[in-house]
Amino acid sequence: MALIRCWRFAGVLPRLLWNSTVLPGASVPGGRSCVSSHINTHHGCKTTELLLRRFSSAPPSTDVSYDQLKQLLAGRKAVVIDVREPWELREYGFIPGSINVPLGQVNTALQLGPEEFNEKYGGEMPQQTDNVVFTCLAGVRSKTALDTATSLGYKDVQHYPGGWQDWVKNEQQN
């Protein structure tokens, strides 16, 4: 009899969660605050993803500004990984101190041994506890790389959403 009640409850709980609406400012105990608008999960995968992200153990993604990146590089407080293709770096330039790991290789590269990573990419492999900042041309690929690193267990990952375009603009102003 108790087993039947458990099975009935098991059918109700997912429906309750599925049918719930997330209210502005709502938060999960010990979690991050929620999205600032109503999210009803009936409307498709994207809203479901937003609701489920609240329960993720992944750290919140943090954008790094030009000034913050300059400080991190000067203090050697982060491993900066440029995820553009090598030809892009040759043609347009690169942020001094960054390591080039093309986006298509990030997943595999972050699972290599330190010596193999150094040999292949010419820089020190970041540890899962290191501050890692991803950059690209304009912030799209770096965000994807950030998500990949988070899925591999990296704890302190960030990205520079302005990318190379923002870097060059700021460097020319200074």
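Is Lys-143 buried, partly exposed or exposed, and what is its relative accessible area? I found Lys-143 partly exposed, with a relative accessible area of 30%; buried means under 20%, exposed over 50%, and partly exposed in between (1.4 Å probe, protein chains only).

**Entry 1: basis of the reading**

I worked from a predicted model, in which local features need pLDDT of at least 70 and side-chain atom pairs count only at pLDDT 80 or more, while totals for chains, interfaces and linings use all residues. Residues are numbered from 1 along each chain as its sequence is written, and side-chain values use heavy atoms, with hydrogens and water left out.

I noted a mean pLDDT of 76 for the protein chain, with 65% of its residues at 70 or more; pLDDT is the predictor's confidence in each residue, from 0 to 100. Over residues 3-56 pLDDT stays under 50, and for this stretch the model has 46 contacts beyond four places in sequence. A contact here means heavy atoms within 4.5 Å. Where pLDDT is low, the predicted coordinates should not be read in detail.

**Entry 2: salt bridges**

Side chains of opposite charge can pair when their charged atoms come close. I counted as a salt bridge a side-chain nitrogen of Lys or Arg within 4 Å of a carboxyl oxygen of Asp or Glu. By this rule there are 5 salt bridges.

Lys-143 forms one of them with Asp-147, at 2.9 Å from N to O. Both residues lie in helix H7, 4 residues apart, about one turn of the helix. Helices (H or I, at least four residues) and strands (E, at least two) are DSSP runs, numbered from the N terminus. Asp-147 is partly exposed at 41%.

I then looked up Glu-171 and Lys-70, whose side chains meet at 3.1 Å, N to O. This pair links distant parts of the chain, with Glu-171 in helix H8 (residues 163-173) and Lys-70 in helix H3 (residues 66-74), 101 residues apart. Glu-171 is partly exposed at 32%, and Lys-70 is partly exposed at 35%.

Arg-84 and Asp-82 also form a salt bridge, at 2.8 Å, N to O. Arg-84 is buried at 0% relative accessible area, and Asp-82 is buried at 1%.

**Entry 3: strands around E7**

I took two strands as paired if DSSP finds at least two bridges between them. Strand E6 (residues 131-135) runs parallel to E7 and is joined to it by 4 bridges. Phe-134 has His-159 in E7 as its bridge partner. The chain passes from E6 through H7 to E7 in a right-handed β-α-β crossover; with the strands pointing away from the viewer, the path from the first strand over the helix to the second runs clockwise.

Strand E3 (residues 62-63) is parallel to E7 (residues 156-159) and is joined to it by 2 bridges. Asp-63 stands opposite His-159.

I defined a nonpolar core as a set of buried Ala, Val, Leu, Ile, Met, Phe, Trp, Tyr and Cys residues joined through side-chain atoms within 4.5 Å. The largest has 20 residues, and Ile-81, Val-101, Phe-117 and Phe-134 have the most contacts inside it. H7 gives the most to this core, with 3 residues.

Which residues does Ala-149 contact beyond four places in sequence? I found Leu-110, Phe-134, Tyr-154 and Val-157. Ala-149 lies in helix H7 (residues 140-151) and counts as buried because its relative accessibility is 1%.
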